[in-house]
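Open the model in your viewer and keep the selection panel at hand. The stops below say what to select next and what is there.

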Amino acid sequence: MNLPAAASLFDMTDGALTLVVPGDPSELAQSLRVAFFEEYGVAADVVGRAPGRINLIGEHTDYNGGRCLPMALSHATYAAVGRRTDDRVQIRSRTVDDTWRGRLGDLGAAQGWAAYAAGVLWALEVDHGVDVMIGSTVPVGSGLSSSAALECAIAVAVDAIAGRALTDARRLELATACMRAESDVVGAPTGGMDQLVAMLAPAGDALLIDFHDGSSRAVPVPLAEVGLEILVIDTGVRHALADGAYAARRRECEAAAHLLGVPALARASEDSWSRLGDEVLMRRARHVLTEGERVDNADQAIVEGEWAELGTVLDASHASLAHDFEVSCPELDLAVETARASGALGARMTGGGFGGSAIALVREEHATAVAASVHAAYAARGWSPPSFLRARPGQAANAARVNVRRHRAEDADPFT
Ligand code: ADP
Ligand code: MG
């Protein structure tokens, strides 16, 4: 599967811009099955698929019991999985060109990238060995949730092998298992937004999640109907959420909530941040509390088709994340500023920050020009070129059983 580079060029340019394309799901699944067969010498039983995501708004709110509005991408991670009769586990990622091998008893101790995959098998208490082959069109570590896409692709595949129906209730359980994999095995205390949208995304729509009560509802975002789109700018700067900064923000939020006497920071009254004596905690709390308001404003702007207003709210979110929450970086700031200056209605960083990606709300006919401006601004500073994705709404995770009846012994390649 020629996935990782999966890049082509924007039309109408001198060919300097990198566009990361989502690929065709059935072609990707097919080529992954071939890779599985070549690696393991047997056919895979199932291919799971789970999407990456952008978060339209509501950043660092999930672990504070607040609201967020993510949207699944058509870029996704695919996992071909085959059941074994022993207790061995082999997990190969074509993306990172590495293989993890162990036994069921080793799953909880897996390290590095493999911890995301092995952690899901651990959390689901899988009681038989598996072979796994992973491929992805979600850029890894770019704030577009490649980690949850990987976890959820494996989770739905393993469930399909067990013959379990992917009901709404089961989707929630799988999302929870994937969160446990990321927090307990990887050691990255993320807040749950990524796994929930990967498992529950309503096809074609964004998902408004309220972490106060765990409820969620579809939010149609009819951008294409009005000639708009979300351009994703991957700065290429790679964060590591398992390292200290993300956990430090969580601790600061917990401390602020404790001082304000609320169980979760998003539950504090809107201007209560001003009562916090500590300057840093004040700014962290102000972000979380004003971001909650911005999620509501964005939701309303989308319902009313007030796209300029939506852009303004995105801009305000970025300012708050950069100044109050301090999770932006120069590369994100430049992407956001340049996108706005070259015609975007609004722009903000998306995902946990410290690098990763920004989103820009642009008119379709301006997308290439905005991307070219950001590319040029990076070049002017001598920075590595960013890459771009067009955010087309994708579908929640699902799995398909492999049709092994197509296998004929005399074929060199049983899947073509
Ligand atoms: P994000 O989820 O925004 O992409 P994270 O830091 O949360 O960033 O997760 C990225 C990590 O997840 C990678 O460094 C790698 O360890 C793991 N990962 C994600 N996708 C894959 C993949 N396709 N193959 C191997 N590892 C992956
Ligand atoms: Mg992640």
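Domain bounds here come from an automatic or database domain assignment. This is a predicted model, in which local features need pLDDT of at least 70 and side-chain atom pairs count only at pLDDT 80 or more, while totals for chains, interfaces and linings use all residues. Residues are numbered from 1 along each chain as its sequence is written, chains are lettered from A and ligands numbered from 1 in the order in which they are written, and side-chain values use heavy atoms, with hydrogens and water left out.

**Stop 1: the two domains**

Select residues 23-220 together with 397-411 for domain 1, then 224-391 for domain 2. Over C-alpha atoms, the centres of domain 1 and domain 2 are 26 Å apart.

**Stop 2: the interface**

Show the contacts (heavy atoms within 4.5 Å) between the domains: 36 residues of domain 1 touch 44 residues of domain 2. Buried area is the accessible area (1.4 Å probe) that two parts lose on being put together, summed over both. Between domain 1 and domain 2 it is about 3100 Å², and carbon and sulfur atoms give 63% of it. Select Ile57, Glu59 and His60 next: they supply 21% of the area that domain 1 buries against domain 2, more than any other three residues.

A polar contact is a pair of N or O atoms within 3.5 Å; within protein, one must be able to donate a hydrogen and the other to accept it, and residues adjacent in sequence count only if both atoms are side-chain atoms. Across the interface there are 20 residue pairs in polar contact, with both residues at pLDDT 80 or more. On the domain 1 side, the elements giving two or more residues are β3 (46-55), β4 (67-68), β5 (70-83) and β10 (215-220). Helices (H or I, at least four residues) and strands (E, at least two) are DSSP runs, numbered from the N terminus.

How many salt bridges cross between domain 1 and domain 2? The rule (a side-chain nitrogen of Lys or Arg within 4 Å of a carboxyl oxygen of Asp or Glu) finds three across this interface.

**Stop 3: helix α7**

Select residues 279-304, helix α7, and find Arg294 there. Is Arg294 buried or exposed? Arg294 is buried, at 10% relative accessibility, where buried means under 20% relative accessible area, exposed over 50% and partly exposed in between (1.4 Å probe, protein chains only). Beyond its neighbours within four places in sequence, Arg294 contacts Ile57, His287, Val313, Ala316, Ser317 and Ser320.

Arg283 is buried at 17%, whereas Glu279 is partly exposed at 46%.

**Stop 4**

Select Asp131 and Arg84, whose closest N and O atoms are 3.0 Å apart in a salt bridge. Asp131 is in strand β8 (residues 130-136) and Arg84 in the loop between β5 and β6 (88-93), 47 residues apart. Asp131 is buried, at 5% relative accessibility.

Finish with Arg363 and Glu365, which form a salt bridge at 3.6 Å, N to O. Arg363 is partly exposed at 30%, and Glu365 is exposed at 53%.
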